[in-house]
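Please look over the sequence and the structure shown here before reading on. The report that follows turns to one helix and then to the nonpolar cores.

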Amino acid sequence: MRRVYFDANATTPLLPEVVEAMRPYWIEHFGNASSIHQPGQQARKAIEQSRAVLAEFFNCHEAEVIFNSGGTEGDNTALFGLLHPGDHMITSSIEHSAVLAAARKLATHDIEYTFVDPEPNGLITPESILRAIKPNTRLISIMHANNETGVIQSVEEIGKIAANTGLWFHIDGVQAAGKIPIDVKQIGCHLYSISAHKVHGPKGTGAIFVKSGTPLESLIVGGSHERRRRAGTENVAGIVGLAKAAELAMHSLADGTIDKLAKLRDRLEAGILALPGTGVNGADASGKIAPRAANTTNIWFRDLESEALVIALDLKGVAVSGGSACHSGAVEPSHVLMAMGLDKTRARASLRFSLMKTATEADVDYALSIIPEAVEHLRRLAPVAAGTRG
Amino acid sequence: MPTSPIAVAMSGGVDSSTVAALLAREGAPIVGLTLQLWDQTRLAGKHGIPEQPKAGRCCSIDDVYDARRVAEHLGIPYYVVNQQERFERDVVRPFVSEYLAGRTPIPCSLCNDHLKFDQLLTTARSIGAEKIATGHYAINEFDEARGRWILKRPVDRTKDQTYFLFGLTQQQLAHTLFPLGRMTKPAVRELARESGIASADKPDSQEICFIPGGDYKSFITAYLEEQNETLPDSAGELVSAGGAKLGAHEGIHGFTIGQRKGLGVSSPTPLYVIHIDPATHKVTLGADDELATLKLRANRLNWISIAELRAPMRVRAKIRHRHEPAWATLEPSGEGEVVATFDEPQRAVTPGQSAVFYEDDEVVGGGWIL
């Protein structure tokens, strides 16, 4: 069976170049970067070369890049590492759970939070951030691109607010990396977290930009790795893989690959919207959509449940997502869509399509040959009349 | 897809796992589905409900994990379907309301009617599977002569689950397979072991799946508190059949017909709950022989081997899960009601339970005791 993978916002496969770049660091160059000897120096060199690539990726100094285990660790570090009892932080209700759960945990340690809601189009307005500032506010944490809708936040505007009010600003850039250029200087943020596996790098590796002078405490303590900002023997192969993936991501942004990806996404979207009873979540009455990452669209389908559609499409070889999975793997309606004001029925009738930069016209054609029939079959067999779903 | 796959309802237990293994062995295309019905951590730690749910309760993380491992082992696609809201609406809510109304509910039958054989079948069909298979011990076959699907007691009488399946419609039976109906439990365990199913020796679940620890009174208190609802005050008197006051109680939901323990009344001879009056909150206690009843009335009927009950019929009636079906004459009685008159008086006929009527091994139909 042909398989099409439209769930890039969940994860992506390693590109062959990434695998090749990593390969030597598992066997030949296996040294511990903290060791004095030659094998150790080889590992150290690989890490520092990778750091230089990431510095270019963020547009920062090499010393401002810390390697870690990925997006969740970056998000957790930003919150746990900066805030103290009595502090207040501002974030949004559409963040990843790595931020939301960290904020709720801090609340048990006398650290307050405000979750700012987005507009119906998914955008967090700078005014809403400004309104949430209190005398004890220390940190603003906002995602760059949303995982469910792809909507890109006005981080430069928020950066200005942070600068004017003297607040720290962390950006969860996990879903932005590779899809839009990142320039931490221009944004004016203090922290920026990314994850390798969303950009065709390995799982379990990530990086956080920490602006020089930011008093960030390490979440993980132990040895003096990463300039005492992240203990633990470096995942050398992972770091090399992240750097190669970041390098390829910068190429893709420069050579038009991402622009082509946006056109493919638009074609898929248009094909689906040709079905009756569909729409892009976050679009206003005139169909206008907030700026989005090139690869993502979030579409609702009247009178059906996305859970069944996800399964039906998967059995026909098309992998998409219909919300976030809870501990058991059961799907919960997306908290992002709910925060944008969608009711539960509509949030449950929504699917996220997120394309990889390697997606082809043939992939989109195949998906469009499957989706209409699956939607029609589902609507015929399992009509979801209002209220039957509790 | 060349042939329509069969959706196997997988709970993570040995029975449904073996069904999946059996069908996979026969080469049928199958898809494993687990219904996520209740979040076991929801009321954990409240009002004496255990902090850590035990395995073998519905939807504990361990059970979903087990089901997923079985599906991986068999190499079949597997999905968890979230039906928590419907379960709460159609099973948990009525369960609480029934107790508060002085009746003793059977959540398993409600779950079968609303979730397992309604929602699951709908989900299965919407993903392209025309039939579902479950690990229930029952036999389901089409009878050409009568033109009806017939539900029969299984070969392993100790595992008979037909009592909980009387609500299945002809349409549901037509799309359902019970592959274990002609197997004994030991044979199922043996087959599970042979198939390399890790849960082969997992103990059978016995209690109500969403009530860890089995303390339904604590569950009702904790659930209503979570819902910001107050437990209705149904405290009242404990009385004898003659009307004499024997004591006081804190709420009628704490009682079930036939209950002997926890009455808070001392008596030289054992006393049992023989009647619960939801209007006056009076709970009547009496001797064992006062529990016996000759007749029962039931409504919300479903017929399986017959289209309709038009004339009196000799049946054996089963009035609770562990009851040996007793001979009775079944008669229609007004709109959507039947009366069963037993040959011998039966102990503890309990409103809220179901009455299921059998003719030899066949389920004639059933209803809910009034």
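A residue is called buried if 20 or more other C-beta atoms lie within 10 Å of its own, exposed if 12 or fewer do, and partly exposed in between, with C-beta atoms placed from the backbone. This is a predicted model, in which local features need pLDDT of at least 70 and side-chain atom pairs count only at pLDDT 80 or more, while totals for chains, interfaces and linings use all residues. Residues are numbered from 1 along each chain as its sequence is written, and chains are lettered from A and ligands numbered from 1 in the order in which they are written.

Helices (H or I, at least four residues) and strands (E, at least two) are DSSP runs numbered from the N terminus.

| Side of helix 2 of chain A | Residues |
|---|---|
| Buried residues | Ala43(A), Ala46(A), Ser50(A), Arg51(A), Leu54(A), Phe57(A), Phe58(A) |
| Exposed residues on the face turned away | Gln38(A), Ala52(A) |

After helix 2 of chain A comes Asn59(A), with a positive phi near 65°.

A nonpolar core is a set of buried Ala, Val, Leu, Ile, Met, Phe, Trp, Tyr and Cys residues joined through C-beta atoms within 7 Å. The largest one holds 209 residues, of which Tyr192(A), Leu309(A), Val8(B), Ala20(B) and Leu33(B) touch the most other members. Helix 9 (residues 236–254) of chain A gives this core its largest share, 10 residues. Apart from it lies another core of seven residues, including Ile94(A) and Met340(A).
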